[in-house]
Amino acid sequence: RQNAGTLVVEAEEPATGKSLGRGSLTFVDNTVDRATGTITLKATFANADRILWPGEFVNAVLTLTTEQGAVVAPIGAVQNGQEGTFAYVVKPDRTVESRPVVTGSQVEQVIVVKQGLQLGETVVAEGQLRLAPGMRVRIEKGGQNTQRGKAD
């Protein structure tokens, strides 16, 4: 990934996740620490506002790639079945259909859905064990502008 261009590293405050600055990856040590299974990476920050100090502990987030226009869903919406991965999609009449999906990368609690879902569709993120295709659900508002489908 580094051969394709500069990789961005974000320094974050451990307690709050607040961004302290953005820098670029400048060194990768290919030696694996046998005790932890980790490798050493170094990043360079401009630090013009002098918010970062030597010896200070921060969380570093390395961005390897960005997928523009990706459709994402809550990780709980994607289920594994006998015929592969699927998600319950809520149709306009508030009934659900089981739809096969092809997934990509996962970041925290969301997963990229490469095939099977369209932007703006509502998926069921919890309570799928009680569902079957054609069942009617009730939509509930969740946190951070999300909706939830629950069996009626």
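How many aromatic pairs does a search of the whole structure find? Hi everyone, let's start there. The search finds 1 aromatic pair. Please keep in mind that this is a predicted model.

The partners are F86 and Y88. Their ring centres sit 5.5 Å apart and their planes meet at 90 degrees, so we call the pair edge-to-face; planes over 60 degrees apart count as edge-to-face. Both F86 and Y88 are buried.

Now for the cores. The largest nonpolar core has 11 residues: V71, A73, A77, V78, A87, V89, V101, I111, V113, L117 and V123. Two strands, β7 (84-90) and β10 (110-115), each supply at least two residues of this core.

Let me pick out I111 from the largest core. Setting aside neighbours within four places in sequence, I111 is in contact with V71, V72, A73, P74, I75, V78, T103, G104, S105 and Q106.

Next, a glutamine. Is Q128 buried or exposed? Q128 is buried, because its relative accessible area is 10%, and the cut-off for buried is under 20%. You'll find Q128 in the loop between β11 (122-123) and β12 (137-141). Beyond its neighbours within four places in sequence, Q128 is in contact with G76, A77, Q79 and Y88. So that brings us back to Y88, one of the two rings in the aromatic pair.

Last, a word on the backbone. Most residues other than glycine have a negative phi. Which residues go the other way? N47 is one of them, with a positive phi near 55 degrees. N47 lies in the loop between β3 and β4 and is partly exposed, with a relative accessible area of 25%. R94 has a positive phi too, of about 70 degrees. R94 is placed in the loop between β7 and β8 (96-100), and R94 is partly exposed, at a relative accessible area of 34%.

Terms used. Residues numbered from 1 in each chain as written. Predicted model: local features only at pLDDT ≥ 70, side-chain atom pairs only at ≥ 80, totals over all residues. Heavy atoms only, no water. Phe/Tyr/Trp six-rings, centres within 6.5 Å; stacked < 30°, edge-to-face > 60°. Buried < 20%, exposed > 50% of the residue type's maximum accessible area, 1.4 Å probe, protein only. Core = buried A, V, L, I, M, F, W, Y, C linked by side-chain atoms within 4.5 Å. Helix = DSSP H or I, 4+ residues; strand = E, 2+ residues; numbered from the N terminus. Contact = heavy atoms within 4.5 Å.
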